[in-house]
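Good morning, and thank you for making time for this presentation. I shall walk through one structure, beginning with a single residue and then turning to helices, rings and backbone geometry. Please have the display in view as I speak.

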Amino acid sequence: MKTSLFDLYKVGIGPSSSHTMGPMRAARRFAEELAASKLLDRVALLRVDLYGSLALTGLGHGTDRAVLLGLSGEEASAIDPATIEPKLAAIRASGMLALLGQQTIPFRESEHLFFHRDQMFPPGAKTEHPNGVRFTAVDAQGTELLSNIYFSIGGGFIVADAEGAGAAPVMTTATLPFPFRSAAELLELAAEKNLAIWQVMLANECVLRNEAEVRAGILHIWSVMEACIDRGIATEGILPGGLQVRRRAARLAQRLGAKGSVDPLAPLDWVTVYAMAINEENAAGGRVVTAPTNGAAGVIPAVARYYRTFIGGADEEGILRYFLTSAAIGVLYKENASISGAEVGCQGEVGVACSMAAGGLAAALGGSNSEVEHAAEIGMEHNLGMTCDPIGGLVQIPCIERNAMGAVKAVHACRIAMNETEGHKVSLDQVIKTMYLTGLDMQSRYKETSLAGLALNVIEC
C-alpha cells in the first residue's frame, strides 16, 4: 500500500484531474526544477508539447489554461477559482508569463504551446501513457537548459518519464502497521486482527498524521464536497465550452422540493441532484475534490449526502467510516489497475467511484467486511467496459449524467450486498483485474480522445 486517502481525495479545480490538475502540477514541478537547478533566471523561452489524450481533448479540459497557471506557480488545491480568468487574461494580453512569479519570459500559446493530436506519446519517452507533456526551457542563445517529460496518470497524479507511469506517490517510508496489496489480503488481515476495513485504513493513515489530524482532514474534504453540492444546487445558467449545456441540478432540486417526499424513490432522485450539482460545478471549473478523479467527482459525495440526509441515525462516525473504507477500495484500484479514463476508459473513473461509494456506504451502514467487499465488487462489475467519449472534449455529455447513474448504482450495489446471505462468486480482486484487462483491450479512440462513441456520433451544437 503506497497511496494515502489524502492522495485519492484532493481539493482542486475542474474540469479534469488528468487534463487540468495533472498538467498544472507538472508545469509547476518543471518550473520548480528549474529553480532548484539554479536555471530559472537564465530561461529566455519555454516550449510546451502536449501528446495523446492531452492533445486531443486538452482544449475542452482546460489543459492550456492549466499549463499557464502551473508555470506561474499556481497550485490547484490553493488557487481561488474566481482569480483564474483575470490571471489568464493578463498573461494572454501581455504575451508574458512570470515563471513561479519570478522570471518573466515571452509566452504566446500559438508560438510556445503545441497540441500534437497525431502523436500518442512524446518522442523518445521511455513510458507509454496517453497523457504526456514535454517542457523545454532554453536560454537567450537558444541553448537547451532543461527538458523533461511528465505523464498525468489519473486523479491528478503525475510522474516523470524516468519514474515510469506505473509509479505512484509513496505513502510513507515508515513501516505501515497493516500493509495490503489486494482485497484478499485486506480481508484476511482485518479478520486476523478483528478489525473493520475502515479501522485498518485509519491505522495506516495514522503513520503519517495523528488520529485527530486524520479525522479533521477527512471532515474538511467532506465539507468541501458539501459546499460544492450546495453551490451546484444554487447555480443556474449555461456551462462554458460551446455545447450550450444547461445546468439542471438547481431546477431538479426545485421540482423535488415542491413535490415533497410522496414518491418512495425520491431519495434516489436527490442522489441524482447531488451528483449532477457537483459535476456541473466541475464542468464550470469550480472547486471540487478528486474522488478519485474530477470526471467522477460527483459519485462519492452524492452517496455520502444520501447517507447523511436519508438514513436514520447517520452521524459523523458513519461519514468517517465511509471515507476511510472507500479510500481502501480506491487504493486497490489505483495500485493494481488504473483510475485514468485515458488509460482504461470511464470504467476507471465513474466505475471505480461507484465501487468505492458502494463499499463505503456498506461500512457507513455498519456492514461487515465481506459485505463491503461484495458491494464494491458489484459496483464495478456493472460498469465494466464503459468507454470515455466526452462530446467536444468537454466533461459535460455524458459525464454529468454518468455520475448520477454511478451514484444511484452504488446505492443499489450496497443494498444488494447487504441483503445477500449466500456469499458471492466473483471477488473484488477478480473484478479489478478484469477492469484493467478490459481497459487494455479497449481501442484507444474510446479512451478520452473524443474520436469515437458519443463524441463522434452526436453533432456538436
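Predicted model: local features only at pLDDT ≥ 70, side-chain atom pairs only at ≥ 80, totals over all residues.

Let me begin with Leu-113, which is found in strand S5, residues 113-116. Helices and strands here are DSSP runs, helices being H or I of at least four residues and strands E of at least two, numbered from the N terminus. Residues are numbered from 1 along each chain as its sequence is written, and side-chain values use heavy atoms, with hydrogens and water left out.

Is Leu-113 buried or exposed? Leu-113 counts as buried because its relative accessibility is 5%. The term buried means under 20% relative accessible area, exposed means over 50%, and partly exposed lies in between, with a 1.4 Å probe and protein chains only. Leaving aside residues up to four places away in sequence, Leu-113 touches Val-48, Leu-50, Asp-64, Phe-107 and Arg-108, where contact means heavy atoms within 4.5 Å. By contrast, Glu-349 is 236 residues from Leu-113 in sequence and 28 Å from it in space, C-alpha to C-alpha.

The buried residues are Thr-63, Asp-64, Ala-66, Val-67, Leu-68, Leu-69, Gly-70 and Leu-71. Just after H5, Gly-73 takes a positive phi of about 100°.

I turn now to the aromatic rings. A pair of rings is described by the distance of the centres and the angle of the planes. How many aromatic pairs does a search of the whole structure find? The search finds seven, counting rings of Phe, Tyr and Trp (for Trp, its six-membered ring) whose centres lie within 6.5 Å; planes under 30 degrees apart count as stacked, over 60 as edge-to-face and the rest as tilted. One of these is the stacked pair of Phe-30 and Phe-135, at 5.4 Å centre to centre and with 20° between the planes. This pair links distant parts of the chain, 105 residues apart: Phe-30 belongs to helix H2, residues 17-36, and Phe-135 to strand S6, residues 132-138. Phe-30 counts as buried because its relative accessibility is 0%, and Phe-135 is buried because its value is also 0%.

A second example is the tilted pair of Tyr-306 and Phe-310, with 6.1 Å between centres and 35° between planes. These two residues are four apart in helix H13, residues 299-310, and are therefore separated by about one helical turn. Tyr-306 is buried at 9% relative accessible area, whereas Phe-310 is partly exposed at 32%.

Arg-305 lies over the face of Tyr-274, 5.3 Å from the ring centre; the criterion is NZ of Lys or CZ of Arg within 6 Å of the ring centre and within 35 degrees of the ring normal. Lys-334 lies over the face of Phe-157, at 4.5 Å from the ring centre.

Next, helix packing. Helix H14, residues 316-336, and helix H16, residues 350-364, pack at an angle of about 140°, with their axes 7 Å apart. Axes are lines fitted to C-alpha atoms, for helices over the stretch in contact, and angles run from 0 to 180 degrees between N-to-C directions. Among the residues making the contact are Arg-321, Tyr-322 and Tyr-333 of H14, and Val-352, Met-356 and Leu-361 of H16.

I close with the backbone. A cis peptide bond joins Ala-291 and Pro-292, with omega about -5°, and Pro-292 is found in the loop between strand S9 (287-289) and H13. The bond from Ile-397 to Pro-398 is also cis, with omega near 5°. Two residues other than glycine have positive phi: Lys-38, at about 60°, and Glu-448, near 60°. Lys-38, in the loop between H2 and strand S2 (45-51), is exposed at 67% relative accessible area. Glu-448, in the loop between helix H19 (428-441) and helix H20 (454-457), is buried at 4%.
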